[in-house]
Amino acid sequence: MTARELDAAGIDAPALRAAYARCRQLNARHGKTYFLATRLLPVERRPAVHALYGFARWADDIVDSLDRTRTLQERAAALDALQEELTAGLRHGNSKEPVVRALAHTAAVYDIDHRHFTDFMAAMRSDLEVRDYPTYADLRGYMHGSAAVIGLQMLPVLGTVVPRAEAAPHAAALGVAFQLSNFLRDVGEDLDRGRVYLPADLLAAHGVDRGLLLWSRTTGARDARITEALRAAAELTRGVYREAAPGLPMLDPVARPCIRTALVLYGGILDAIEDDGYAVLHRRAVVPRERRAAVALDGLVRLGAARLRARGGATAPEPKDRGQASRTQGRPRQPPRERPSSVGPSWSRWEKENMS
């Protein structure tokens, strides 16, 4: 599928194609939920999304996931080197580093504000030193660079039916909502890295601090105060999804199924956490495969309807919501026995390629 995406995007140079392919690999390996949603975008826009998310994952790997033997100073030096490469790449539209090469090309093609990348790198650098956030305002400041700017980077690729500035706050909020969902799911893993991404004032309101979280993580014991704090964090996150939701109809109609699917799948993380009794300090909550499949199929149906409308098909109204997959707005529809033939390749093949 990579060659088809690159051909559709008009990306012909072998080195640039290889750079985009590398970004796609990073996106598929590290961001399975969003990668699945990306498959619902028009084929020519997918490489740009892979470039944006591939770069973000690569920078994040420097901070967290690569060689754990690297010292803090070595990681800081690696981020500094990446910043230099990024600055030069954005200025010249090219780079010797494949991931930066693809990012620079995407930024030029879609006229993405370079400040979004600068803010992102500042957030990555803060992860080397900052271990917790006293207030939600402090956390939200961090998430501007780590998450909100990702939504802002995506907006030119997705396209809008309103002035971009009108849609921007909602796109930023959706990036924050996605990251808050991940923070809640990954509380235990982040604690192992010495970080707490839940604001201290929210935890303290329920009698929880880092020491109590560590006790629960290391002993496997539960505490009602922690459960209530995590429930409050989930409700805060649902509120951010509500901030983001009005932006969906502001997007290009053919991009809406992708973002709606991502919104529902990430919102489903909160449902999975609740269903598992807020046991995130002890195990990772997982959205069931059957539910992911149902949401993906709904996205395919919506994509088919959007394509027909774009071609002037008056008989293809947008499917009505029967409730989104977050408990804020209900559960997703179950997949029908047969899929309309207008939505692309056979469902069974699409499911095999994208749901594993």
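**Core, rings and charges**

Modeller: The largest nonpolar core has 98 residues, and Phe-55, Phe-120 and Tyr-142 touch the most other members. A nonpolar core here is a set of buried Ala, Val, Leu, Ile, Met, Phe, Trp, Tyr and Cys residues joined through side-chain atoms within 4.5 Å. Buried means under 20% relative accessible area, exposed over 50%, partly exposed in between (1.4 Å probe, protein chains only). Helix 9 (residues 164-185) gives this core its largest share, twelve residues. Helices (H or I, at least four residues) and strands (E, at least two) are DSSP runs, numbered from the N terminus.

Colleague: What are the ground rules for the model?

Modeller: This is a predicted model: local features need pLDDT of at least 70, side-chain atom pairs count only at pLDDT 80 or more, and totals for chains, interfaces and linings use all residues. Residues are numbered from 1 along each chain as its sequence is written, and side-chain values use heavy atoms, leaving out hydrogens and water.

Colleague: Which residues is Phe-120 in contact with, leaving aside neighbours within four places in sequence?

Modeller: Phe-55, Ala-56, Ala-59, Gly-145, Ser-146, Val-149, Ile-150 and Gln-153. Contact means heavy atoms within 4.5 Å.

Colleague: Now the rings. How many aromatic pairs in the whole structure?

Modeller: Seven. Rings of Phe, Tyr and Trp (its six-membered ring) pair if their centres lie within 6.5 Å; planes under 30 degrees apart count as stacked, over 60 as edge-to-face and the rest as tilted. Tyr-133 and Tyr-142 make a tilted pair, 5.3 Å centre to centre with 35° between the planes.

Colleague: Why does Tyr-133 count as buried?

Modeller: Because its relative accessibility is 6%. Tyr-142 counts as buried because its value is 8%. Tyr-142 also pairs with Tyr-197, this time stacked: 5.8 Å between centres, 20° between planes.

Colleague: What does the pair of Tyr-142 and Tyr-197 tie together?

Modeller: Parts that are 55 residues apart in sequence, because Tyr-142 lies in helix 8 (residues 136-158) and Tyr-197 in the loop between helix 10 (187-192) and helix 11 (200-204). Tyr-133, Tyr-142, Phe-183 and Tyr-197 form one aromatic cluster.

Colleague: Switching to charges. How many salt bridges?

Modeller: The search of the whole structure finds 23. The criterion is a side-chain nitrogen of Lys or Arg within 4 Å of a carboxyl oxygen of Asp or Glu. Arg-195 bridges to Asp-64, with the closest N and O atoms 2.8 Å apart. Arg-195 sits in the loop between helix 10 and helix 11, Asp-64 in the loop between helix 4 (46-63) and helix 5 (72-92), 131 residues apart.

Colleague: Are Arg-195 and Asp-64 buried or exposed?

Modeller: Both are buried.

Colleague: And Glu-243, what is its partner in a salt bridge?

Modeller: Arg-140, the closest N and O atoms being 3.2 Å apart. Glu-243 lies in helix 13 (residues 224-244) and Arg-140 in helix 8, so the pair ties together parts 103 residues apart in sequence. Glu-243 counts as partly exposed because its relative accessibility is 37%. Arg-140 is partly exposed too, at 26%. There is also one network, in which salt bridges that share partners join Glu-5, Arg-24, Arg-39 and Arg-46.

Colleague: Last one, the whole chain. How many helices and strands?

Modeller: There are 16 helices and zero strands. Buried residues make up 55% of the 356 in the chain. Among contacts between residues at least 6 apart in sequence, 71% join residues at least 24 apart.
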